Amino acid sequence: MAPQFETFSSADANLVKSTCQKYGLTGEEFSELHRRCVAAKSTAYCPYSQFRVGSAIISVDGAYFNGANVENASYPVGTCAERVAFGKAVTEGHRKIKAVAVATDISPPASPCGMCRQFIREFCELEAPIIMFDKDDNYTVKRLEELLPLSFGPEALPPPGSRSS
């Protein structure tokens, strides 16, 4: 049986306001993440699956980064939208991400894949909201810790250079 989750209309200002209060976002941040992840879908390169995914993230400093999935004829070589957005952020010096948004052309909303969840874990607190939009602009939100329970993160490893040979 598929897990149950509630979806909300992004057109309902009261629901969006409640979501923002619960997850520590402003209305402007939510709207910008929504706008950017939906727009990012149009830049997806997905000739094989035809499954467009757009992602947008906001750093704790308020900087936004977008990404879209990029496929390859050798399927495992493709890159998910979330990892594209995070790669942009990290290479521009933003390693602490406040929130993640993804948009797809299906309903209900799709969540980040397992590999992306672990990638997100490297740069987000476990309480970070992951906002998932469907083709009708309905959304659901889960905290990273809900999508990746019992996770393994950078704090579980010894500091670089601390191990002796």
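# Questions on a predicted model

Modeller: Leaving aside its neighbours within four places in sequence, Ala-63 is in contact (heavy atoms within 4.5 Å) with Ile-57, Ile-58 and His-94. The model is predicted, so that local features need pLDDT of at least 70 and side-chain atom pairs count only at pLDDT 80 or more, while totals for chains, interfaces and linings use all residues. Residues are numbered from 1 along each chain as its sequence is written, and side-chain values use heavy atoms, with hydrogens and water left out.

Colleague: Between which strands is Ala-63 found?

Modeller: Helices (H or I, at least four residues) and strands (E, at least two) are DSSP runs, numbered from the N terminus. The C-alpha atom of Ala-63 is separated by 9.8 Å from that of Lys-98, 35 residues apart along the chain. Ala-63 itself is in a loop, and the elements on its two sides are strand 2 (53-59) and strand 3 (64-68).

Colleague: In what order do the elements of the protein run from the N terminus on?

Modeller: The secondary structure comes to five helices and six strands. From the N terminus on, these elements run β-α-α-β-β-α-β-α-β-β-α.

Colleague: What covers the buried residues of helix 3?

Modeller: Taking buried as under 20% relative accessible area, exposed as over 50% and partly exposed as in between (1.4 Å probe, protein chains only), the buried residues of helix 3 (residues 81-91) are Ala-81, Glu-82, Arg-83, Ala-85, Phe-86, Ala-89 and Val-90. Just after this helix, Gly-93 takes a positive phi of about 90 degrees. The cover over the buried residues of helix 3 includes strand 2, strand 3, strand 4 (97-104) and helix 4 (114-123).

Colleague: Which cysteine sulfur is nearest to that of Cys-116, and how many Å away is it?

Modeller: A disulfide is a pair of cysteine sulfur atoms within 2.5 Å, and a search of the whole structure finds zero disulfides. Cys-116 is in no disulfide, and the nearest cysteine sulfur is that of Cys-80, 3.7 Å away.

Colleague: Is Cys-124 buried or exposed?

Modeller: Cys-124 is in no disulfide either, the nearest cysteine sulfur being that of Cys-116, 12 Å away. With a relative accessible area of 6%, Cys-124 counts as buried.

Colleague: Which peptide bond is cis?

Modeller: Most residues other than glycine have a negative phi, and most peptide bonds are trans. Pro-108 is found in the loop between strand 4 and helix 4. With omega near 5 degrees, the cis peptide bond is the one from Ser-107 to Pro-108.

Colleague: What is the relative accessibility of Gln-50, a residue that counts as exposed?

Modeller: Gln-50 lies in the loop between helix 2 (27-41) and strand 2, and its phi is near 60 degrees, a positive value in a residue other than glycine. Gln-50 counts as exposed because its relative accessibility is 58%.

Colleague: What is the relative accessible area of Leu-150?

Modeller: Leu-150 is found in the segment after helix 5 (144-147), where Leu-150 has a positive phi of about 55 degrees although it is not a glycine. Leu-150 is exposed, and its relative accessible area is 90%.

Colleague: What radius of gyration does the protein have?

Modeller: The radius of gyration is taken over C-alpha atoms, and the globule rule is 2.2 Å times the number of residues to the power 0.38. For 165 residues a compact globule would have a value near 15 Å, with which the protein agrees, its own radius of gyration being 16 Å.
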